[in-house]
Amino acid sequence: MNTINEQSPLAGMNTLLPLAGKKGLITGVANDKSIAFAVAKAIRRGERFQRELQMRKLDGNPIWVSLSGQAVNHNNLLDGTVWTALDITDRKTGDLDLRDSELRHRELFEINPLPMWVFAVDTLKFLAVNKAAQLQYGYSEAEFLQMTLLDIRSEPEKTRVLDYL
């Protein structure tokens with residue numbers, strides 16, 4: 001049985017990899033044995049290893065890569081492995097920026113002093129309500145989520161809402 005030890009080339013993945021499509025090299029995720037074990041397991045099984053990882057350029061700056069590799073011949077691991085590291089920093093940064101933006105908008109929704117809600121256009125069911133709406137209308141969030149927009153409207157207003165939508 002193959003195991004990874006401190007002397008193994010996979011231990012800590014402290015190797016240099018060329019970055020696909022760009023000039024430069026990246027260095028592995030130092031001391032992350034869980035990654036090294038996942039790599040070794042996939043390679044031994046003849047499977048392709050693929051994971052998005054934050055690594056470092058040789059200048060020390062962080063970079064996100066999609067790391068993919070597999071054994072040339074899983075029956076003879078001495079034949080070596082083939083690896084690709086693709087720079088996905090822009091996409092990951094965009095994902096993080098989007099998550100931050102969503103969080104800021106969620107917070108603005110939650111703390112807004114005016115009643116606000118989100119509803120499904122096709123069913124008119126409430127999907128989210130803020131605290132101000134709960135206080136103004138006297139329903140809990142759970143109660144709101146069982147209702148539709150029409151449930152908080154008077155009869156004349158229901159017609160106007162339906163005509164508007």
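What is the accessible surface of the protein chain, and what percentage of it belongs to carbon and sulfur atoms? In this predicted model, the accessible surface of the protein chain comes to about 11,300 Å², and 53% of that area belongs to carbon and sulfur atoms. Of the 165 residues in the protein chain, 28% count as buried.

The secondary structure of the protein chain comprises five helices and seven strands, which follow the pattern β-β-α-β-β-β-α-β-β-α-α-α when read along the sequence. When contacts between residues at least 6 apart in sequence are considered, 33% join residues at least 24 apart.

Two buried positions were examined individually. N130 is located in the loop between β7 (126–129) and α3 (131–137), and its relative accessible area is 0%, so this residue is classed as buried. The side chain of N130 reaches the backbone nitrogen of M116 at 3.0 Å, while a polar atom of the N130 side chain lies 3.4 Å from the backbone oxygen of N112.

S66, by comparison, belongs to strand β4, which spans residues 62–71. Its relative accessibility is 14%, and S66 therefore counts as buried, given that the cut-off for this class is under 20%. With neighbours within four places in sequence left aside, S66 is in contact with Q50, R51 and E52, and also with T84, A85, L86 and I88.

Key: Residues are numbered from 1 along each chain as its sequence is written. This is a predicted model: local features need pLDDT of at least 70, side-chain atom pairs count only at pLDDT 80 or more; totals for chains, interfaces and linings use all residues. Side-chain values use heavy atoms; hydrogens and water are left out. Helices (H or I, at least four residues) and strands (E, at least two) are DSSP runs, numbered from the N terminus. Buried means under 20% relative accessible area, exposed over 50%, partly exposed in between (1.4 Å probe, protein chains only). A polar contact is a pair of N or O atoms within 3.5 Å; within protein, one must be able to donate a hydrogen and the other to accept it, and residues adjacent in sequence count only if both atoms are side-chain atoms. Contact means heavy atoms within 4.5 Å. Accessible areas come from the Shrake-Rupley method with a 1.4 Å probe; for residues, only the protein chains shown count as cover.
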